[in-house]
Amino acid sequence: MAEKKVWFITGAGRGMGVDIAQAALAAGHSVVATGRNADRVEKAIGAHDELLAVALDITSTEAAQAAAATAVERFGRIDVLVNNAGNFYAGYFENVSPEQFRAQMETNFFGPLNVTRAVLPVMRRQRRGQVITITSTAGLIGQEFCAAYAASKFALEGWMESLRFDLEPYGISTMAVEPGFFRTELLVEGSSTIWPELEIEDYAERTAQTIEAWKSMNGQQGGDPKKLARALVTLSDSETLPLRFVAGADAISGVEQNLAVISGQIDANRGLSESLSYDS
């Protein structure tokens, strides 16, 4: 059996966060599960002796620090941080208001930064730990109707890829997880998904059609979130985290196709690009 760890999971009141918490508990670990409402978190996961539900708004630095302190007070350490909380501001760029775009970045990008800043001092003192951040295939591949969401996830990818260099000397490893379409609550209207505020005639028909298409997908996604949760626990327990975990057959296919396009573009422009090198 793997060594018992203390997991700290954000966004654990619904969706994927619930599945990850339940998988970690089933594997014999302790779990600090956070969400905006602690009672809702505990109800969603189910009472357990090794579960501590904590209220946390990830956009608040003070709340993140308080939640980390509460976790250490109860369990004495934090071994695995899972940055899972997030939402989806859908829409074409011009239809997404500046306020919505900032709100998207505040939750999906700065939120994980807040929580990670609060947890890293604990992990550095321990000289060990894991930072796992759920991004998306939209963090590797730009997609229609996802300008704000993809921007927030691309930002997470760059942060995580660079963060590993900061943390490796202290025994802390990192992994970005890029799920494809899983049956989570991301597409639940008014909860995780927020439609664009601005109306522009040129985009009106496409917006209406795309919203209906997104709505019809909810609950029909191919990926099983419980299987993904168990896979994350397996990877964590292996003690050797990959830099990235592209999760789901659709995600792998999409990333492979995108890499092929990028490779072709590099080949097509190789001569011109190499000519830009400094000549001594």
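The crossing of helices α3 and α4 is right-handed, a term that applies when the near helix is turned clockwise from the far one by less than a right angle. This is a predicted model, in which local features need pLDDT of at least 70 and side-chain atom pairs count only at pLDDT 80 or more, while totals for chains, interfaces and linings use all residues. Residues are numbered from 1 along each chain as its sequence is written, and side-chain values use heavy atoms, with hydrogens and water left out.

Helix α3 spans residues 61-75 and helix α4 residues 98-126; the two pack at an angle of about 35 degrees, with their axes 8 Å apart. Axes are lines fitted to C-alpha atoms over the stretch in contact, and angles run from 0 to 180 degrees between N-to-C directions. Helices are DSSP runs of H or I with at least four residues, strands are runs of E with at least two, and both are numbered from the N terminus. From α3, Thr 61, Ala 64, Gln 65, Ala 68 and Val 72 meet Asn 114, Val 115, Ala 118, Val 119 and Val 122 of α4, where contact means heavy atoms within 4.5 Å. These residues divide into 7 nonpolar, 3 polar and no charged; Ala, Val, Leu, Ile, Met, Phe, Trp, Tyr, Cys and Pro count as nonpolar, Asp, Glu, Lys and Arg as charged, and the others, Gly among them, as polar.

The aromatic residues come next. The whole structure holds 5 aromatic pairs, defined for rings of Phe, Tyr and Trp (its six-membered ring) with centres within 6.5 Å; planes under 30 degrees apart count as stacked, over 60 as edge-to-face and the rest as tilted. The rings of Tyr 92 and Phe 145 have centres 4.9 Å apart and planes at 80 degrees, so this pair is edge-to-face. Tyr 92 lies in the loop between β5 (88-89) and α4, and Phe 145, 53 residues apart from it, in the loop between β6 (129-134) and α5 (147-167). Tyr 92 counts as buried at 7% relative accessibility, as does Phe 145 at 2%; buried means under 20% relative accessible area, exposed over 50%, and partly exposed in between (1.4 Å probe, protein chains only). Ring pairs link Tyr 92, Phe 145 and Tyr 203 into a cluster.

Arg 206, in helix α6 (residues 201-217), lies over the face of Tyr 92 at 4.4 Å from the ring centre. This label requires NZ of Lys or CZ of Arg within 6 Å of the ring centre and within 35 degrees of the ring normal. Arg 206 is partly exposed, with a relative accessible area of 40%.
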